[in-house]
Amino acid sequence: MSESVPGGAHTGGATLAAENAGRSGPGPFDPARLRDRFPIFRPEGPNAGLVYLDSAATAQRPDVVLDAINDFYRDDNANVHRGLYELSRRATERFEEARSTVARFIGARDTAEVVWTRGTTEGINLVAATWGAGNVGPGDEILLTMLDHHSNVVPWQLLARRVGARLRYVDIDESGRLRLDQLDAALKGPVKLVALNHVSNALGTINPVAEVVERARSAGARVLVDGAQGAPHLPVDVEALGCDFYALSAHKMGGPMGIGALWARRELLDAMPPYQGGGEMIDVVHPDESTWAELPHKFEAGTPNVGGAVGMAAAVDFVQSLTPAAVKEHESRLVAYGLERLGRVAGLRLFGPAEPEDRIAVFSFAMQGVHPHDVATILDAQGIAVRAGHHCTQPLMRRLGVPATTRASCWVYNTTDEIDRLVEGLEEAARVFG
Ligand SMILES: Cc1ncc(COP(=O)(O)O)c(C=O)c1O
């Protein structure tokens, strides 16, 4: 089933970028017009006027993703890799084309290196349970960071407990960037794996992954990148990053929930035992033993989420059509604007890097004298959806000395006007609680 991927990362067309540029004058795209592509925001719908600032939790889906899923189930639905009839062949083709689309998107050289998962969490658990079990032993160390999501902490805790390994953490500096000076010292230990996120969901920090990989690899450690927040916001090229594993989720980038992908180097996947047993992942089954299917099917037990894979590919095509560079440019504008506007709100403590180039448009903050949940409730009353809590980063919250933050997170459809609405909402919260 292996297939090489021509063209490398981000070779998608620029249809929508061109369309939007035509409709909205200069600039790569106009987010206000782009909203028309997201049915959930339609003015006649139940969410008319909603300011959605919780895309780090899950992004909204464009029409092309909804259509692709619907079309698949309407026209092409059958189980894959099994049927000898035309419909099943077509379903299989769409499923495997979707895999190639994701492979190209992340710069994989080989489609067989892309394993479908339920999302980032499952991708990381897969690596911990298979590669981890075979390569991490008593006394070994797994190096994480203070920025990691629980999905990139707890699987390693489970592994460490099972095999007698130890977890260590690279700290952050006062602005929420990784302390790279600590990395080198930590890498002097028996570190088998460095696991970090590409982008922090809690602070928006963009981590210098290529640099971390270079140092980790020269110390003999493997590197896993949690790309849940990388893929929606940054161009991803796993070969250029140099990492060994990259996990991502479709729903953070306009695709459906419950589907994602794990990329890993072929030689690692070849050596890893299966994750789960069942149909699809076997070659030959005897009463007492079995042999495994070729990559990547060895890691995909049971009927896969074909509609999800098709939807994820449509989301990738959508992001490609905007061009990842244009997405990043739009995001940089929002970051600069948000930092400036939020920086002027009295009593607001803004977490994360002050330099726009070090972050994405995720704004985590604390309001003096107001609990983050109360801030979120007051914003909700004004039609502004933000997240308040620990953002699945309890060690980080503890490190920052807060129980929780309020977080406003943006994606391609958000505008500077919405940041203005957020600021007005926060001023209202300050008045209510002042
Ligand atoms: C940085 C990061 N890692 C991992 C995850 C887990 O992703 P999923 O729930 O899609 O598996 C998230 C989701 O919030 C995240 O933001």
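Modeller: Two ground rules come before the labels. This is a predicted model, in which local features need pLDDT of at least 70, side-chain atom pairs count only at pLDDT 80 or more, and totals for chains, interfaces and linings use all residues. Residues are numbered from 1 along each chain as its sequence is written.

Colleague: Why is Arg37 called buried?

Modeller: A residue is buried if 20 or more other C-beta atoms lie within 10 Å of its own, exposed if 12 or fewer, and partly exposed in between, with C-beta atoms placed from the backbone. Arg37 has 21 other C-beta atoms within 10 Å, so it is buried.

Colleague: Where does Arg37 lie, and with which residues is Arg37 in contact beyond its neighbours within four places in sequence?

Modeller: Arg37 lies in the loop between α2 (31–34) and β1 (51–52). Helices (H or I, at least four residues) and strands (E, at least two) are DSSP runs, numbered from the N terminus. Contact means that two C-beta atoms, placed from the backbone, lie within 7 Å. Leaving aside neighbours within four places in sequence, Arg37 is in contact with Pro62 and Asp63. From Val284, Arg37 is 247 residues away in sequence and 47 Å away in space, C-alpha to C-alpha.

Colleague: What makes β15 largely enclosed?

Modeller: Strand β15 covers residues 405–409, and five of the five are buried, so the rest of the structure largely encloses it. Both faces are covered. Thr405, Arg407 and Ser409 are buried on one side, Thr406 and Ala408 on the other. In a regular strand the side chains alternate between the two faces of the sheet.

Colleague: How many residues of β12 are buried, and which way do they point?

Modeller: Six of the six residues of β12 are buried, so β12 too is largely enclosed by the rest of the structure. Val362, Ser364 and Ala366 point one way, and Phe363, Phe365 and Met367 the other way.

Colleague: How do you know that β12 and β15 pair?

Modeller: Two strands pair if DSSP finds at least two bridges between them. Four bridges join β12 to β15, and the two run antiparallel; β12 and β15 therefore count as paired. Ser364 stands opposite Arg407, and the bridge partner of Val362 is Ser409. Strand β14 (residues 387–389) also pairs with β15 in the antiparallel sense, over three bridges. There Arg387 stands opposite Arg407. Four bridges join β11 to β12, again antiparallel, with Arg349 partnered by Ala366.

Colleague: Which strands are in the open sheet of seven strands, and what is its pairing?

Modeller: The order is β2-β8-β7-β6-β5-β3-β4, and the pairing is mixed. Its edge strands are β2 (114–117) and β4 (166–170), each pairing on one side only. Neighbouring strands are turned by 20° against each other on average, direction ignored. Within this sheet, five bridges join β7 (residues 245–249) to β8 (residues 260–264), which run antiparallel. Leu248 stands opposite Ala261 in β8. Helix α5 (residues 120–135) lies across β2, β5 (191–197), β6 (222–226), β7 and β8, at about 155° to β7.

Colleague: Which residues come nearest the ligand?

Modeller: Of the 14 residues around the ligand, Gly119, Thr121, Asn201, Ala228 and Ser249 come nearest. Near means a C-beta atom, placed from the backbone, within 6 Å of the molecule or strand. The shell divides into three nonpolar, 10 polar and one charged. Ala, Val, Leu, Ile, Met, Phe, Trp, Tyr, Cys and Pro count as nonpolar, Asp, Glu, Lys and Arg as charged, and the others, Gly among them, as polar.

Colleague: What are the domains?

Modeller: The domain assignment gives domain 1 (51–58 + 324–433) and domain 2 (73–319). Such bounds come from an automatic or database domain assignment. The contact takes 25 residues from domain 1 and 26 residues from domain 2.

Conventions:
Axes are lines fitted to C-alpha atoms, for helices over the stretch in contact, and angles run from 0 to 180 degrees between N-to-C directions.
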